[in-house]
Amino acid sequence: MLDATLAPVTAPTPALAARAAQTAGSPVREILALTARPEVISFAGGLPAAELFDAPGIAAAYQHVLTADPRRSLQYSPTEGDPALRAAVAARVSARGLVTGPDDLLVTTGSQQALSLLATALLEPGDVVLVEDPCYLAALQIFSFAGARVVPVPTDGAGLLPDALDEIVARERPKLLYLVPTFQNPTGRTLPADRRAEVARVAARRGLWIVEDDPYGELRFAGETVPWVATYPGAEDRTVLLGSFSKIMAPGMRLGWLRAPAALRRACVIAKQAADLHTSTVDQAAAARYLEVADLEAHLNLVRGAYRERRDALVDGLAATLPEGSRWNRPDGGMFVWAALPPGYDAAALLPEAVRHDVAYVPGAPFFIGPADRGALRLSFVTHAPAEIAEGLRRLGGALQAG
Ligand code: PMP
């Protein structure tokens, strides 16, 4: 029998793991929650234009797989992914300059999962991961969960600086370099070809993995395509390329893929078995069906055209919106413009005033690992049509004057 004197006393539950306690929630997702009111014109979220989703085409694909072969599309399926989807992705990747077979690929639950699988497969606590500064936030969360030490590599307006990379690699002995070389999140920057070649050379000479995360490359609406880092001499056997259907089909389907050398891919397959057995069978089957019967290129051309108009509406309106002395870029694709208010301005401190004016953006500071530019902000140009963008800029101008 329990001792009655002990009965009312309850012992505290054990503490959270250090990695959970030390990893913060994403400020971007918190801002998204704040700005969910329908009256807010948001430049904050990286939300693809929902009215441009090919909803009828996607619905027809689901309808087909659920009626033609429900016993397969509703069943458990292999961890590596749907064979038809892997074949279709392999053909698309090969057509873009990187010879790829279905067996080189692992289908993932969004490219976000590919990042976690890689962290599980590659990182010991204390390992060094190099990232561009500033860097995609949810990748930083994953590296933090893995207990990695994240070291920033300096950048300029064209992205990562290869000479700085070489020095830092020599000093820090990192396991991997994580980069988003095309239309980066948050900066919209694209790393030029000569720097890609140099990154590949550094990785080969010094021995490290390159994780090339490319969810935005197919959203190019101006300028020349720059080949994947994975295609440059030295990078072939040490680059993991990540792709996603989120920006070209629909993010809610949660479909991505990873292309990696065999031994690392096998380790990722095992990590995925432990994480979720496999990505949703029905979603993969619907995507494969969609790629078989729909004209994704025609759809993408429509999306690219709309995004170009939206970029122009945003960028052309910034001069009249942001204070004198502000700077910003004009990306040839993707979803984001990176702006910097003049010295003395703090984009995070100004956000509540912007939200009071029913407009939102993401302050740039949380994306930095090194010293932050407090005036920086990320503006997504894709979520709203040009007329709403113009109205959003009017509100933002008002907020900046009031703030
Ligand atoms: N990588 C980068 C650079 C991103 O911006 C995003 C989405 N915001 C992801 C990965 C994750 O994309 P998903 O999981 O939807 O494929």
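F183 sits in the loop between β7 and α9, where helices (DSSP runs of H or I, at least four residues) and strands (runs of E, at least two) are numbered from the N terminus. The model is a predicted one, with local features needing pLDDT of at least 70 and side-chain atom pairs counting only at pLDDT 80 or more, while totals for chains, interfaces and linings use all residues. Residues are numbered from 1 along each chain as its sequence is written, and side-chain values use heavy atoms, with hydrogens and water left out.

Although F183 is not a glycine, its phi is positive, at about 50 degrees. F183 has a relative accessible area of 1% and is therefore buried; buried means under 20% relative accessible area, exposed over 50%, and partly exposed in between, with a 1.4 Å probe and protein chains only. R173 also turns up with a positive phi of about 50 degrees, and it is not a glycine either. R173 belongs to the loop between α8 (162–172) and β7. Because its relative accessibility is 57%, R173 counts as exposed.

Back in the loop between β7 (176–179) and α9 (193–206), there is N185. P134 has its place in the loop between β3 (128–132) and α7 (137–145).

The side chain of N185 makes a polar contact of 2.8 Å with that of R378. A polar contact here is a pair of N or O atoms within 3.5 Å; within protein, one must be able to donate a hydrogen and the other to accept it, and residues adjacent in sequence count only if both atoms are side-chain atoms. N185 faces the ligand too, with a polar side-chain atom 2.9 Å from one of the ligand's oxygen atoms. From R254, a side-chain N or O atom lies 2.8 Å from an oxygen atom of the ligand. With S111 it is the backbone that takes part: a polar backbone atom there is 2.7 Å from a ligand oxygen. The protein buries 90% of the 400 Å² that the ligand exposes when taken alone, with accessible areas coming from the Shrake-Rupley method and a 1.4 Å probe, and, for residues, only the protein chains shown counting as cover.

There are 14 residues around the ligand, and S111, D213, Y216, S244 and S246 come nearest; a residue is near a molecule or strand if one of its heavy atoms lies within 4 Å of it. By type, this shell splits into five nonpolar, six polar and three charged residues. Ala, Val, Leu, Ile, Met, Phe, Trp, Tyr, Cys and Pro count as nonpolar, Asp, Glu, Lys and Arg as charged, and the others, Gly among them, as polar. Helix α6 (residues 110–122) supplies the largest share of the shell, three residues.

E297 counts as partly exposed because its relative accessibility is 37%. Between E297 and M335 there are 38 residues in sequence and 18 Å in space, C-alpha to C-alpha.
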